[in-house]
Amino acid sequence: MAVPRQPQDPAPRARAVDARTLWSGGVATALVVALIALVGVLVLRGVFDIPLLAPQGEGVWGDVSTVRFMVAAAVAALLAVALVHLLLLSTPRALSFFGWIVGLATVVAGVAPFVTDAPLGSKLASALINVVIGFAILGLVSGIARTTVARAG
């Protein structure tokens, strides 16, 4: 008796990425994480009185460092979009690699404040904001990327 052959898996189909949707979602993500940075600074400085990103005398809003922090968060989000776009176009299991890369970058951002000579409260506050921003980038960009990929053919 002959054993029936299993059909071969069809050849993998190419992925098509809706770049316009991906990047518009990326810009929205950049805005969200910039606002997370601002809210984090306002809450930690204003509510908990932690001298974050500026000396205590600078008030709740801090100084120009607050704006630089917001811009850095937005740039990190846009770099994440560029990374996921590149991975989607070139890498199998792109979102797995993206998750690992952004997850490890978030760990680095969370640990980085502890190598400074800032007070412990400032280190903890900075680490908290950095980790929240990292998780927001990971979640939002991954979700956007899932919705922008279609199988061609």
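## Helix 1 and the residue after it

Just after helix 1, D49 adopts a positive phi of about 60°. This is a predicted model, and the description that follows should be read with that in mind. Helix 1 itself covers residues 19-47, which amounts to 29 residues. From its first C-alpha to its last, helix 1 reaches 41 Å, and this is close to the 42 Å expected at 1.5 Å a residue.

## The largest pocket

The largest pocket has a volume of about 280 Å³, and its lining is made up of 16 residues. Among these lining residues, A76, A105, T106, G134 and I137 are the ones that lie nearest the centre of the pocket.

Three helices each supply at least two residues of this lining, namely helix 2 (64-90), helix 3 (94-111) and helix 4 (120-148). The largest share comes from helix 2, which provides 7 residues of the lining.

## How helix 3 and helix 4 pack

Two packed helices are described by the angle between their axes and by the distance between those axes. For helix 3 and helix 4, the axes come within 8 Å and cross at roughly 170°. Because angles over 145 degrees count as roughly antiparallel, helix 3 is roughly antiparallel to helix 4. The crossing in which helix 3 passes helix 4 is right-handed, and both of these helices are also among those that supply at least two residues of the lining of the largest pocket.

How values were computed. Residues are numbered from 1 along each chain as its sequence is written. This is a predicted model: local features need pLDDT of at least 70, side-chain atom pairs count only at pLDDT 80 or more; totals for chains, interfaces and linings use all residues. Side-chain values use heavy atoms; hydrogens and water are left out. Helices (H or I, at least four residues) and strands (E, at least two) are DSSP runs, numbered from the N terminus. The expected span of a helix is 1.5 Å times one less than its number of residues. On a 1 Å grid over the protein atoms alone, a cavity is a set of points where a 1.4 Å probe fits but cannot get out, and a pocket is an open set with protein on both sides within 12 Å along at least five of seven lines; lining residues have an atom within 4 Å of a point. Grid points are joined across faces, edges and corners, and a volume is the space filled by probe spheres set on the points. Axes are lines fitted to C-alpha atoms, for helices over the stretch in contact, and angles run from 0 to 180 degrees between N-to-C directions. Angles under 35 degrees count as roughly parallel, over 145 as roughly antiparallel, 65 to 115 as roughly perpendicular and the rest as oblique. A crossing is left-handed if the near helix is turned anticlockwise from the far one by less than a right angle, and right-handed if clockwise.
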